[in-house]
Amino acid sequence: MMMTDLDQLLGTVRAMPTDARLADMDAAVMGGLARRRDQAMARRSLMLAGLLAIGIGWAGSIVPGAPAQAAPTPIGMSDYAPSRLLGQ
């Protein structure tokens with residue numbers, strides 16, 4: 001008797017019209033998945049850029065650079081200054 005009642009209830013639910021909002025559910029789910037995939041890719045790209053910057057900074061601090069040297073001419077005196085070009 002119990003199984004017959006369940007079969008009747010399921011038959012009634014099956015005969016009911018479906019909700020119109022269910023037709024748009026596929027597009028909403030796929031849009032949400034695409035958004036999450038884009039966010040994950042952006043997060044991975046940002047982490048890769050950060051690791052690359054840290055690696056370049058670390059390598060730059062390990063490799064010795066050329067020692068600093070003062071310029072032979074005073075500041076502001078260019079080889080192309082008018083007084084130098086005119087031979088004064």
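This is a predicted model: local features need pLDDT of at least 70, side-chain atom pairs count only at pLDDT 80 or more; totals for chains, interfaces and linings use all residues.
1. Surface patch. L22, M25, V29, M30 and L33 make up a nonpolar patch on the surface, and their accessible area together is about 500 Å².

2. Confidence. The protein chain has a mean pLDDT of 84, with 86% of its residues at 70 or more. Among the elements of the chain, helix 2 has the highest mean pLDDT, 94. The lowest, 72, belongs to helix 3 (residues 82–85), and details there should be read with that value in view.

3. Overall make-up. The secondary structure consists of three helices and zero strands, and the pattern along the sequence is α-α-α. Of the 88 residues in the chain, 2% count as buried. The accessible surface amounts to about 8,600 Å², and carbon and sulfur atoms account for 68% of that area.

4. Helix 2. This helix has 38 residues. From its first C-alpha to its last it reaches 56 Å, close to the 56 Å expected at 1.5 Å a residue. How many of its 38 residues are buried? The number is one, so helix 2 lies largely in the open.

5. Salt bridge. A search of the whole structure turns up one salt bridge. It joins the side chains of R21 and D19, with an N to O distance of 2.6 Å. That distance falls inside the cut-off, which is within 4 Å. Side chains of opposite charge can pair when their charged atoms come close.

Note on methods. Residues are numbered from 1 along each chain as its sequence is written. Side-chain values use heavy atoms; hydrogens and water are left out. Patches are made of residues with over 30% relative accessible area and no salt bridge: like charges are joined within 9 Å, nonpolar side chains (Val, Leu, Ile, Met, Phe, Trp, Tyr) within 5 Å. Accessible areas come from the Shrake-Rupley method with a 1.4 Å probe; for residues, only the protein chains shown count as cover. Helices (H or I, at least four residues) and strands (E, at least two) are DSSP runs, numbered from the N terminus. The expected span of a helix is 1.5 Å times one less than its number of residues. Buried means under 20% relative accessible area, exposed over 50%, partly exposed in between (1.4 Å probe, protein chains only). pLDDT is the predictor's confidence in each residue, from 0 to 100.
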